[in-house]
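Please look at the sequence and the model before reading on.

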Amino acid sequence: MHELVGALRSYAWGSRTALAQLCGRPVPSAHPEAELWFGAHPADPAYVKTGAGTVSLQELIAADPSRELGWVATRFGEKLPFLLKVLAAEEPLSLQAHPSTEQARAGFERENQAKVPLNSPLRNYRDDNHKPELVVALDRLEALAGFRDPHRTVALLRALAVDGLRSYCELLAAQPDKAGLRTLFTTWITLPQHVLATLLPEVLDGCVRYLSGKGAREFTAEARTTLELAEAYPGDAGVLAALLLNRVTLEPGQGLFLAAGNLHAYLRGVGVEIMANSDNVLRGGLTPKHVDVPELLRVLDFEPIDLPTVLPEPAGDGSVRYRTPVSEFVLRRFDLVAGSARVPLTAAGPAIVLCTAGTVRLLRNDSSLELTRGGAAWISAADTDIRAQAVDGDVQLFCASVGATG
């Protein structure tokens, strides 16, 4: 086992405080810090501190995949199949979805044939893998995720009492299913700018009127979010599209799982995020980055879903597990108290361990590694019987590993 140094990514929507505080650096940071990557993705691999020096996790695995990955090398093609991140959003992320495996392979090949450079800002598919993802909130995390039940969306649109929305509302009311959602979403996301310039101000006025009304309001969060998105991205069709999505609030420790094709946008908050080892993103708005609406429509799943929250379940080893239907990753959380006994962390790697609170000591035979808040460790398949012991404060520890072989 070795200390793992994450790769820091700066985007405009990131935070100047959250990741710096997590890693014990001065606050505020010089630039917005959005993501800390702990993985072996070629776009930004983490670095492993070894006795022989520092090497990227990607290079370490490539040099000896059998030792570092064990059985995983055979099953997933000598690559670490997951990517672990810490995400810190101060402002809304783009409205986006991720492809299935089949869609990713076809899209990656199509763009390769078209000779679109891998680092081109116009590239949709940077690899040939799908990207199911799970995020677990470290503090309150707000998001839009998946298409809402159309009947509730009709109720929302009617509650806003906007004349310009009436025909769209009745369109969905007449076909309250995934076909109706597809029609309405496609109509809104492709509206001519002159139509959008008239409709959006009407919708925002409707949100203000709704929020200024008396009594309990069922759609307060949705109306406020619409106003916030319009302020951040004025004139963007994604503001309208967001009206069709579930508005989700995660409290610390709660998770959100997003399968292929789920339209979503993180709004604000900090979370630990794990996903299949991919960087494929199809964007539909709320961003200055490349937007490809036809390709987004190709991958979107318009089936309405309930709030896709994931609650932790006892795993039987002192941890809690966030259950998902994918095999590339398993995420567990350990909550340890200083002075308590050593707890089994993992029988064998490959795994990545991330400390998000307190100070913990990882032990294997006669060797040990101490992690403070924001610290991480790489555990290879050759590292067996790893145990964890809280050293200082209440420890929160996340362990990312691969699904069972069966």
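Trp-188 touches Leu-157, Leu-165, Tyr-168, Leu-199, Ala-237, Leu-240, Ala-241, Leu-243 and Leu-244, with residues up to four places away in sequence left out. Contact here means heavy atoms within 4.5 Å. The model is a predicted one, in which local features need pLDDT of at least 70 and side-chain atom pairs count only at pLDDT 80 or more, while totals for chains, interfaces and linings use all residues. Residues are numbered from 1 along each chain as its sequence is written, and side-chain values use heavy atoms, leaving out hydrogens and water.

## Nonpolar cores

Trp-188 is among the residues with the most contacts inside the largest nonpolar core, together with Phe-147, Leu-165, Phe-185 and Leu-240. That core has 51 residues. Helix H9 (residues 193–212) gives the most to this core, namely 6 residues. A second, separate core has 38 residues, including Ala-46, Ile-61, Leu-84 and Leu-331.

A nonpolar core is a set of buried Ala, Val, Leu, Ile, Met, Phe, Trp, Tyr and Cys residues joined through side-chain atoms within 4.5 Å. Buried means under 20% relative accessible area, exposed means over 50%, and partly exposed lies in between (1.4 Å probe, protein chains only). In soluble globular proteins, nonpolar side chains tend to be buried together. Helices (H or I, at least four residues) and strands (E, at least two) are DSSP runs, numbered from the N terminus.

The largest cavity holds about 40 Å³ of space. A cavity is a set of points, on a 1 Å grid over the protein atoms alone, where a 1.4 Å probe fits but cannot get out; lining residues have an atom within 4 Å of a point. Grid points are joined across faces, edges and corners, and the volume is the space filled by probe spheres set on the points.

The lining of the largest cavity consists of Leu-144, Arg-148, Leu-156, Glu-222, Thr-225, Thr-226, Ala-242, Leu-243 and Arg-247. These residues divide into 4 nonpolar, 2 polar and 3 charged. In this division Ala, Val, Leu, Ile, Met, Phe, Trp, Tyr, Cys and Pro count as nonpolar, Asp, Glu, Lys and Arg as charged, and the others, Gly among them, as polar.

Helix H10 (residues 220–232) provides the largest share of this lining, 3 residues. H10 has 13 residues and reaches 19 Å from its first C-alpha to its last, close to the 18 Å expected at 1.5 Å a residue. The expected span is 1.5 Å times one less than the number of residues in the helix. Buried in H10 are Thr-220, Glu-222, Ala-223, Thr-225, Thr-226, Leu-229 and Ala-230. Their cover includes helix H6 (150–160), H9, helix H11 (238–241), and strands S9 (141–147), S10 (245–250) and S12 (264–276).

Val-239 belongs to helix H11 and is buried, with a relative accessible area of 1%. Leaving out residues up to four places away in sequence, Val-239 touches Leu-200, Thr-226, Leu-229, Ala-230, Tyr-233 and Leu-286.

## Backbone details in loops

The peptide bond from Val-27 to Pro-28 is cis, with omega near 0 degrees. Pro-28 lies in the loop between helix H1 (18–22) and strand S3 (35–38).

Glu-78 has a positive phi of about 60 degrees although it is not a glycine. Its place is the loop between helix H4 (71–75) and strand S6 (82–89), and Glu-78 is partly exposed at 48% relative accessibility. Lys-115, also not a glycine, has a positive phi near 60 degrees. Lys-115 lies in the loop between helix H5 (101–113) and strand S8 (133–137) and counts as exposed at 70% relative accessibility.

## Distances between residues

| Pair | Apart in sequence | C-alpha to C-alpha |
|---|---|---|
| Val-239 and Arg-75 | 164 residues | 42 Å |
| Phe-257 and Glu-111 | 146 residues | 28 Å |
| Arg-75 and Leu-160 | 85 residues | 51 Å |
| Gly-339 and Ala-390 | 51 residues | 6.5 Å |

Arg-75 is in helix H4 and is partly exposed, with a relative accessible area of 34%. Phe-257 lies in strand S11 (residues 255–258) and counts as buried at 12% relative accessibility. Gly-339 sits in the loop between strand S17 (330–336) and strand S18 (343–348) and is exposed, with a relative accessible area of 73%.

Terms used: On a 1 Å grid over the protein atoms alone, a cavity is a set of points where a 1.4 Å probe fits but cannot get out, and a pocket is an open set with protein on both sides within 12 Å along at least five of seven lines; lining residues have an atom within 4 Å of a point.
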